Amino acid sequence: MDGRKLNVMKEYSNSEIKVKWDPKLCQHSGVCIKTLPKVYDLNKRPWINLENANSDEIKSQIGKCPSGALSFDDLN
Ligand code: SF4
């Protein structure tokens, strides 16, 4: 398994944004997986693959995370 077991903040970047996922806050509601399954896939490692969507799609999805576990920083 990955950082989800270790409760360590995970970070994933493309050329425009850095996405952060905090396992301590995640409620495992699955909203991210349902909203953007091409990016969030628990069967893959890493489970977040930013290259499968554009940054606007990812930012919009992060806004729907109910717990605040997902957040992002603009890199540019
Ligand atoms: S939407 Fe947020 S709270 Fe729900 S599973 Fe994804 S990261 Fe966790």
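In these notes a helix is a DSSP run of H or I with at least four residues, and helices are numbered from the N terminus.

**Entry: the model and the cis bond.** I am working from a predicted model. Is the peptide bond from R45 to P46 cis or trans? I read the bond from R45 to P46 as cis, with omega near -5 degrees. I noted it since most peptide bonds are trans.

**Entry: H28.** I then looked up H28, which is placed in the loop between β2 and α2, and found that its phi is near 55 degrees, a positive value in a residue other than glycine.

**Entry: the ligand and its shell.** Which residues are around the ligand? I listed W21, C26, Q27, H28, S29, G30, V31 and C32 from one part of the chain, together with C65, P66, S67 and L70. H28 is therefore on the list, taking a heavy atom within 4 Å of the ligand as the cut-off.

Entry: I checked where the ligand sits, and the space it takes is the largest pocket. I noted about 200 Å³ of space in this pocket, and of the 18 residues that line it, C26, H28, S29, G30 and C32 are the closest to its centre. Helix α2 (residues 31–35) supplies the largest share of the lining, with three residues.

Entry: Finally I traced an open sheet of three strands, in the order β1-β2-β3 and with antiparallel pairing. Its edge strands are β1 (10–13) and β3 (70–74), each of which pairs on one side only. I noted that neighbouring strands of this sheet are turned by 25 degrees against each other on average, direction ignored. How many bridges join β1 to β2? I counted four between β1 and strand β2 (residues 17–21), which run antiparallel, and I found K20 in β2 as the bridge partner of E11. The two strands, β1 and β2, form a hairpin with three residues between them.

Technical notes
Residues are numbered from 1 along each chain as its sequence is written. This is a predicted model: local features need pLDDT of at least 70, side-chain atom pairs count only at pLDDT 80 or more; totals for chains, interfaces and linings use all residues. Side-chain values use heavy atoms; hydrogens and water are left out. On a 1 Å grid over the protein atoms alone, a cavity is a set of points where a 1.4 Å probe fits but cannot get out, and a pocket is an open set with protein on both sides within 12 Å along at least five of seven lines; lining residues have an atom within 4 Å of a point. A molecule sits in a cavity or pocket if more than half of its atoms lie within 2 Å of its grid points. Grid points are joined across faces, edges and corners, and a volume is the space filled by probe spheres set on the points. Two strands pair if DSSP finds at least two bridges between them. Axes are lines fitted to C-alpha atoms, for helices over the stretch in contact, and angles run from 0 to 180 degrees between N-to-C directions.
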